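Hi,

Here is the structure I promised to pass on.

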Amino acid sequence: MPGPASNGIPDSPLARMHPMAKIAGVCSLGLATLVWPDFTMGLGIVVILFVAAALARVLRPFTGVMFGFGIPITLMLLFIQGCYSPKNTKVILDLGFAELGLEGSLYAAKIVVTLLVFLGSFYLTNKTTYMGRLVAALTQIGVPSKIGYLILASLNVVPQMQRRIAVIEQSQHARGLETGGGLISRTRAFLPLLGPVVLSSLTDSQERGMTLETRGFGIRRVRQTSYLEVVWRRSDTVMTILFTVFLVLALVLGCLSRTGLVTFAIQWGGRA
Amino acid sequence: MKIDLEHLEYVYPHGHRALDGVNLTLEGDQPVALIGQNGAGKTTLAKHLNGILRPTKGRILIDGVDLATANTAQWARKVGYVFQNPDDQLFLDSVRKEFAFGPRQLGFDQDLIARRMEQVAGLVGLADRLDDHPFDLSPTEKKFCAIGSVLMMDTGTVVFDEPTCGQDKAGDDRLAAIIARLRGQGRLCITISHDMKFVARNFPRVVLMQHGRVLLDGSREEVFARDDVLEQAYVTPPPITRVARQIGLDGPVFTVSAFVDAAWRAKSGSRNLSLDTTRAKGVKQ
Ligand SMILES: Nc1ncnc2c1ncn2[C@@H]1O[C@H](COP(=O)(O)OP(=O)(O)OP(=O)(O)O)[C@@H](O)[C@H]1O
Ligand SMILES: [Mg+2]
């Protein structure tokens, strides 16, 4: 099934990892960053994610996504939280029109790294997982195959629409629409595309559903087999255990540090 | 109009070499048919004629001007291209809007658009469906809607990609009329088709492609006489042509009447025929 990631996934340890183990990783890393009192842990994880992306040979698009999202969101949050957070007491930079406060900046940094960890780990999972494998893994752990199909179908809709839109745009140019034409004329040409594109992808899905039905997809009381074998290997067990332990440790240490019993987070001169 | 393709090569981003050194000159007002098996590269070639695809190597000259000097939207003034799949082309919510889209982009004035609308709608048989949604048209009507929307632009060259699929005889006749009209107006019509009966009947010139190359280029009589090459390219001449050849009639024939004439000539020339030609007179194609 042609999907967002049906092929062209370079072979790597990450690509061979069981999809469920990767999902465990996304949850574990993200939650750990969330409960950790400051941004240092998240920053470390982001660095590790970059290494992982390099190993999985998707460093270039990964960097693009992380910076494309990270830079604007950092600037925005730094501006809002750093300059206008009510918690601000210590001024670290005078911008003239506003003062950048330490507490707000730390808070902004924490939000940014948390978002980046979730985004990055999710992006890596998505980039290194053939969607068919993910769905096969889901059905393996007992998710009904209909739900699996729903997931696949909805994941398919977007790239399918993108392809459609690309072709229709070709045809618009072939009928004289300037590529560089004014924003208004391009928007005017683009908006009407959405109707037929959505409509046709809906009818496509309906037709696909019907062909599946005629090939016995909806059959009951039969244990369906899967063409894609997704094996859970020892390394997956190890990774899942590591992820779990990591999350538990982060939770415990994070809570302890919040209650003030122990201090792990670096003292920045104020509380983030 | 004159279109020159020089050493044209095109490699798709995934690495498939779809055009592998095409040299071809298309000119005048004689309709040209582009034939060849699935995947021969016909659509890829056609998409080069107005710059939707840009050659990996080689160049295209339109009336002597290198196509690389302008974008597709500018070439749309000279070359109209009807997509293989009308769903790739139609996106507005009425046939009328579809028809008006091209000429509007090219800056035709309202009067001219209205006048052409009337002519073209009649020609493609959608005069009373102008306010319908293209989505509600039958597949054949959709195809004609796509054709109409390109004819509206009044281009010197028109390229039809597979206009004859899934169409009944009425559709074929309408298409033949459109092609004849274009020729009458001195326009160049290039048509991709798998329907050899349709090709033989309507196109004096035929270009045969395989594996991204031009195998044969000539009059339909020349091309359909080359059984060996046609077979190698997985193209089957029209049935009547094959029958005529089988029984040894002179030259390729493409219509029933030509067949009958040839058969009579052969008989009066007292050649030994394995067919009773009097019977063929009653046959209608
Ligand atoms: N977008 C694309 N990306 C990669 N390869 C493509 C693409 N479009 C076509 N091809 C390949 O290029 C070759 C030529 O395709 P093309 O569509 O030009 O053939 P065609 O002669 O029009 O065939 P048909 O008679 O089936 O329409 C085929 O092998 C096809 O698989
Ligand atoms: Mg084609």
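This is a predicted model: local features need pLDDT of at least 70, side-chain atom pairs count only at pLDDT 80 or more; totals for chains, interfaces and linings use all residues.

**Where the chains meet**

Let's start with chain A and chain B. The contact draws 19 residues from chain A and 24 residues from chain B. Between them, about 1,800 Å² is buried, and carbon and sulfur atoms give 60% of that area. On the chain A side, the residues that lose the most area to chain B are A:Gln170, A:Ala174 and A:Arg175, which together make up 37% of what that side buries.

What about charges? There are 2 salt bridges between chain A and chain B. One of them has been picked out for you to find: the side chains of A:Arg164 and B:Asp88 come together at 3.1 Å, N to O.

Which elements of chain A give two or more residues to the side that touches chain B? They are helix H7 (145-174) and helix H8 (183-214). H7(A) gives the most, with 8 residues. Sorted by type, the residues on this side of chain A are 9 nonpolar, 7 polar and 3 charged.

**A covered helix**

Next, look at helix H6 of chain A, residues 131-140. This helix is mostly covered, with 8 of its 10 residues buried. Among the buried ones are A:Met131, A:Leu134, A:Val135 and A:Leu138, and A:Arg133 is buried as well. What lies over them? The cover includes helix H1 (13-16), helix H2 (19-35), helix H5 (102-128) and H7, which also belong to chain A. Just after H6(A) you'll come to A:Gly142, which has a positive phi of about 105°.

**The magnesium ion**

Finally, find the magnesium ion (ligand 2). Its protein donors are B:Thr43, through OG1, and B:Gln84, through OE1, at 1.9 to 2.4 Å from the ion. These two come from distant parts of the chain, 41 residues apart: B:Thr43 is in helix H1 (residues 42-46) of chain B, while B:Gln84 is in the loop between strand S6 (79-82) and helix H3 (95-105) of chain B.

Cheers

Definitions and conventions: Residues are numbered from 1 along each chain as its sequence is written. Chains are lettered from A and ligands numbered from 1 in the order in which they are written. Side-chain values use heavy atoms; hydrogens and water are left out. Contact means heavy atoms within 4.5 Å. Buried area is the accessible area (1.4 Å probe) that two parts lose on being put together, summed over both. A salt bridge is a side-chain nitrogen of Lys or Arg within 4 Å of a carboxyl oxygen of Asp or Glu. Helices (H or I, at least four residues) and strands (E, at least two) are DSSP runs, numbered from the N terminus. Ala, Val, Leu, Ile, Met, Phe, Trp, Tyr, Cys and Pro count as nonpolar, Asp, Glu, Lys and Arg as charged, and the others, Gly among them, as polar. Buried means under 20% relative accessible area, exposed over 50%, partly exposed in between (1.4 Å probe, protein chains only). Donors are N, O and S atoms within 2.8 Å of the metal (3.2 Å for Na, K and Ca); water is not among the atoms, so sites may look incomplete.
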